[in-house]
Amino acid sequence: MNRWLQTPLTEALGCRYPIIQTAMGWVADANLVIGTTQAGGFGFLAGATIAADELEGEIRKVIDATGGSNFGLNFHMFQDNAAQCVDLAIQYRLRAVSYGRGPDKQTIARFKAANVLCIPTVGALKHALKAVELGADMITVQGGEGGGHTGGVPSSILLPQVLAAVKVPVIAAGGFSTGRGLASVLAAGGAGIAMGTRFLMTRESPTPAATLERYLKVNDPQHVRVTTAVDGMRHRMIENRFINHLERAGSFGRLRIALGSAWQWKQQTGMSLSHMASVFIRALREDPSQLSQVVMAANQPVLLQRSMVDGVPDEGILSSGQVAAAIGELLTCGEVIESIAVEARQCLDALLARSQSPTSIHPASLGELL
């Protein structure tokens, strides 16, 4: 039944299936969004990691390939070109924007005036409530199974909490890669699913082969784990040599690693010898562990770039959801989306058939069995 997959998400975003491709840094480029859009999903460009002088070109590339602006742009208000992202989303009348640390009410009002939907991502109930108060049109809730910076509440708990508390459509992220997962979200009252890792591990993904190979080798969800060693915040990633080394180091060891990586990529991070010396002297007076987190947070885009662009997975960060351990091959975006849609329909059809079976137990007859 096609009606199973017609939800408030597909109605609002104009896509065939209630499946969203999230805006992964250095991964969600124009080609990935094009692949997602042409397959019937809804894709977000990763505006936070696309160079300011290339962003408009990436937007136009998707429009030219898909024949419209039926896709989204992700950005953060703290990035240098946040104003550019806002202006371009409005100028090109993109269907939606997504964000974490979100815009204020005035900026959201600008989006609404241009009919650009606001779909923030949150990891806690209180953040969902605040986002709706500010004017969110839909909410994406990411459970702790999700990759990158993530909360500590699993999707199975977070999704029902938010569904019960807000009136806007709710999209589930964190731990989804199959049609069974989509069916469970729709049955719970969700509007659809959002996936990052599943789209990262597709043939349209720009991720280098050496890095994708590392993702494909993961077969134990416990090896896609949370660490706070990078910047002090919960960050789910695939275990690798760099993270293990960072976690084993003491306070001064982490500071040395942070400064060393910043110096190694000094052109990108802006680190100079005098700056490095001043940071070290400050650490002697203050807390080296705190300073190492500050430096490593500044390094983070470069560390992601090292694995996701340069293809050196042991020298960077491998952000990932736990579902990487359940993915054994690289498919096209079309194959991924279609297989999820088919399986979800089958699950929901089977559920309906069981509910209509004469031998099924209906709520009204439960009292007779007790």
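In the predicted model, helix H8 lies across strands S1, S9 and S10 (192-195), and its axis runs at about 135° to S10. These strands belong to an open sheet of nine strands, ordered S5-S4-S3-S2-S1-S10-S9-S7-S6, in which the pairing is parallel. The edges of this sheet are formed by strand S5 (117-118) and by S6, each of which pairs on one side only. Within the sheet, S2 (residues 42-46) and S3 (residues 72-74) are joined in the parallel sense over three bridges, and phenylalanine 44 stands opposite glycine 72 in S3. Helix H2 (residues 30-38) lies across S1 (19-21) and S2, running at about 175° to S2.

In H7 (residues 155-165), the buried positions are Ser155, Leu158, Leu159 and Val162. These residues lie on the same side of H7 because they cover an arc of only 95° around the axis. Ser156 and Ala164, on the other side of H7, are exposed.

A further open sheet comprises three strands in the order S8-S12-S11, with antiparallel pairing. Strands S8 (148-149) and S11 (224-227) stand at its edges with a single partner strand each, so one side of each has no neighbour in the sheet. The antiparallel pairing of S8 with S12 (residues 235-238) extends over two bridges, and histidine 149 stands opposite histidine 235 in S12. Helix H11 (residues 241-248) lies across S11 and S12, at about 35° to S11.

How values were computed:
Residues numbered from 1 in each chain as written. Predicted model: local features only at pLDDT ≥ 70, side-chain atom pairs only at ≥ 80, totals over all residues. Heavy atoms only, no water. Buried < 20%, exposed > 50% of the residue type's maximum accessible area, 1.4 Å probe, protein only. Helix = DSSP H or I, 4+ residues; strand = E, 2+ residues; numbered from the N terminus. Arc of directions from axis to C-beta. Pairing = 2+ DSSP bridges. Contact = heavy atoms within 4.5 Å. Axes fitted to C-alpha atoms, helices over the stretch in contact; angles between N-to-C directions.
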